[in-house]
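Open the structure in your viewer and keep the sequence panel beside it. We will go from stop to stop, selecting a few residues each time.

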Amino acid sequence: MTDKGLFIVLEGIDGSGKTTLARSLKSQLESVRGWEVRLTAEPTKGPVGSLLREERIDSPRAEAMLFIADRACHTEEMRALVEKGITVICDRYYASTLAYQSASTSGPVLDYRLLEEMNDAVTMEPDITILLDIDPEVSGGRVDSRGEQKSKFERLEFQRRVRDKYLRIAKERGSSVLDASKSPEDLCSEAMKLIDQRR
Ligand code: TYD
């Protein structure tokens, strides 16, 4: 039987550097370790993810459920890869829904426990979740383009709330938190150490 691949998830506010880290991890794991690695992201490019990317969904509740529906399809694809021995690095997973869809100033889009239950019903537990933590003011705010038009201040405030949610979720679920204000090289080597500990 082939060894399973690792399922690695990167999380963080918009502009925290997840994509850069994903790419450098892939290249390190392939060239240094000789692993087969696939990069993927949510929302996906599949039918539900494309709907989320291309259309404005007026109901935040419907949008939350679509993120989870997209994840349900995506999880099955990723599970198949991991079973084949391929390591999957996923840019955003269930913690994105838990953080973003609960960070609105008017309260969670859906009851938080319900969001957790719906996610638990369709996800597989990552081997490693790495939260790239950064002050949104420092990340320069490639900011949330979803929902109603917000002022720069409101967008920053929203990203701050998302960051706090993420930190709380990371503590609850035992995710690793890296300081994303560090250089891309330092972040990659810290992430590689976390992966080594897990392997
Ligand atoms: P998008 O802007 O389409 O992708 P990219 O990160 O490549 O620019 O989508 C990311 C946005 O979607 C980001 O602001 C976070 C949000 N999002 C949620 O609100 N909930 C979720 O469950 C996911 C996966 C993303």
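This is a predicted model: local features need pLDDT of at least 70, side-chain atom pairs count only at pLDDT 80 or more; totals for chains, interfaces and linings use all residues.

**Stop 1: D186**

Select D186, which sits in helix α8. Helices here are DSSP runs of H or I with at least four residues, strands are runs of E with at least two, and both are numbered from the N terminus. D186 is partly exposed, with a relative accessible area of 40%. Buried means under 20% relative accessible area, exposed means over 50%, and partly exposed lies in between (1.4 Å probe, protein chains only).

Residues are numbered from 1 along each chain as its sequence is written, and side-chain values use heavy atoms, with hydrogens and water left out.

**Stop 2: the core**

Which residues touch the most other members of the largest nonpolar core? Select F7 and L25: they do, in a core of 51 residues. Helix α8 (residues 184-198) supplies the largest share of this core, 6 residues. A nonpolar core is a set of buried Ala, Val, Leu, Ile, Met, Phe, Trp, Tyr and Cys residues joined through side-chain atoms within 4.5 Å.

Stay on F7 and show its surroundings. Leaving aside neighbours within four places in sequence, F7 is in contact with residues including M78, V82, V88, C90 and Y93. Contact means heavy atoms within 4.5 Å. Further along the chain, the partners of F7 include M124, P126 and I128.

**Stop 3: two helices**

Colour helix α2 (residues 47-54) and helix α3 (residues 60-83). Their axes come within 8 Å and cross at roughly 145°. The axes are lines fitted to C-alpha atoms, for helices over the stretch in contact, and angles run from 0 to 180 degrees between N-to-C directions.

Which residues make the contact? On α2 they are V48, G49, L51 and L52; on α3 they are E63, L66, F67, A69 and D70. By class, that gives 6 nonpolar, 1 polar and 2 charged residues. Ala, Val, Leu, Ile, Met, Phe, Trp, Tyr, Cys and Pro count as nonpolar, Asp, Glu, Lys and Arg as charged, and the others, Gly among them, as polar.

Now pick out the buried residues of α2: V48, G49, S50 and L52. Helix α3 is part of what covers them.

**Stop 4: a cis bond**

Step back to P43, in the loop between β2 (37-41) and α2. A cis peptide bond joins E42 and P43, with omega about -5°.

**Stop 5**

Select D14, in the loop between β1 (7-12) and α1 (18-31). Is D14 buried or exposed? D14 is buried, with a relative accessible area of 11%. Its side chain makes a polar contact of 2.9 Å with the side chain of R92. Another, of 2.4 Å, joins the side chains of D14 and Y100. A polar contact is a pair of N or O atoms within 3.5 Å; within protein, one must be able to donate a hydrogen and the other to accept it, and residues adjacent in sequence count only if both atoms are side-chain atoms.

Move to R92, in the loop between β3 (87-91) and α4 (94-100). R92 is buried too, at 13% relative accessible area. Phi of R92 is near 80°, a positive value in a residue other than glycine.

**Stop 6**

Select D91 in strand β3. D91 is buried, with a relative accessible area of 10%. T19 is 72 residues from D91 in sequence, yet their C-alpha atoms are 6.9 Å apart.

Next, select Y94 in helix α4. Y94 counts as buried at 5% relative accessibility. The side chain of Y94 makes a polar contact with the side chain of R173 (3.3 Å).

**Last stop: S16**

Select S16, in the loop between β1 and α1. S16 is buried, at 4% relative accessibility. What does the side chain of S16 reach? The backbone oxygen of I13, at 2.7 Å. Leaving out residues up to four places away in sequence, S16 touches L132, I134 and A180.
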